[in-house]
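Please examine the sequence and the model shown below. The paragraphs that follow concern a helix and its aromatic side chains.

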Amino acid sequence: MNFRKIMIQGAILFLVSFLVAAVVTFVYRWISEGSGHVDWVTSFRLAVILTVILTIKSFLDERFKRKKV
């Protein structure tokens, strides 16, 4: 897996996880408090954490697959 592919995968993971977290926090606050506010800090933090973890996992999975075959 080359660097460009890792960066593209990381960017896509970040965007998807950020949007999903924003929607979930909006819906949660809308249901629980009656006002739909997005918690941007939590959404950003979760997106960064998931991006780092899932990109590293994907890189390591592909690396170990190549060695076994």
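This is a predicted model: local features need pLDDT of at least 70, side-chain atom pairs count only at pLDDT 80 or more; totals for chains, interfaces and linings use all residues.

An α-helix has 3.6 residues a turn, so residues three or four places apart point the same way. Trp 30 is exposed, since its relative accessible area is 53% and the exposed class begins over 50%.

Helix α1 itself covers residues 3-33. At 1.5 Å a residue, its 31 residues should span 45 Å, and the end C-alpha atoms are 44 Å apart, which agrees. Its buried residues are Ile 6, Gly 10, Ser 17, Phe 18, Ala 21, Ala 22 and Thr 25. Just after α1, Gly 34 adopts a positive phi of about 90 degrees.

The structure contains four aromatic pairs. One of them joins Phe 14 and Phe 18, which are stacked, with 5.9 Å centre to centre and 10 degrees between the planes. These two residues are four apart in α1 and are therefore separated by about one helical turn. Phe 26 and Trp 30 also form a stacked pair, at 6.2 Å centre to centre and with 25 degrees between the planes.

Phe 14 is partly exposed, with a relative accessible area of 24%, whereas Phe 18 is among the buried residues of α1. Together with Trp 40 and Phe 44, Phe 14 and Phe 18 form one aromatic cluster.

Methods: Residues are numbered from 1 along each chain as its sequence is written. Side-chain values use heavy atoms; hydrogens and water are left out. The expected span of a helix is 1.5 Å times one less than its number of residues. Buried means under 20% relative accessible area, exposed over 50%, partly exposed in between (1.4 Å probe, protein chains only). Rings of Phe, Tyr and Trp (its six-membered ring) pair if their centres lie within 6.5 Å; planes under 30 degrees apart count as stacked, over 60 as edge-to-face and the rest as tilted.
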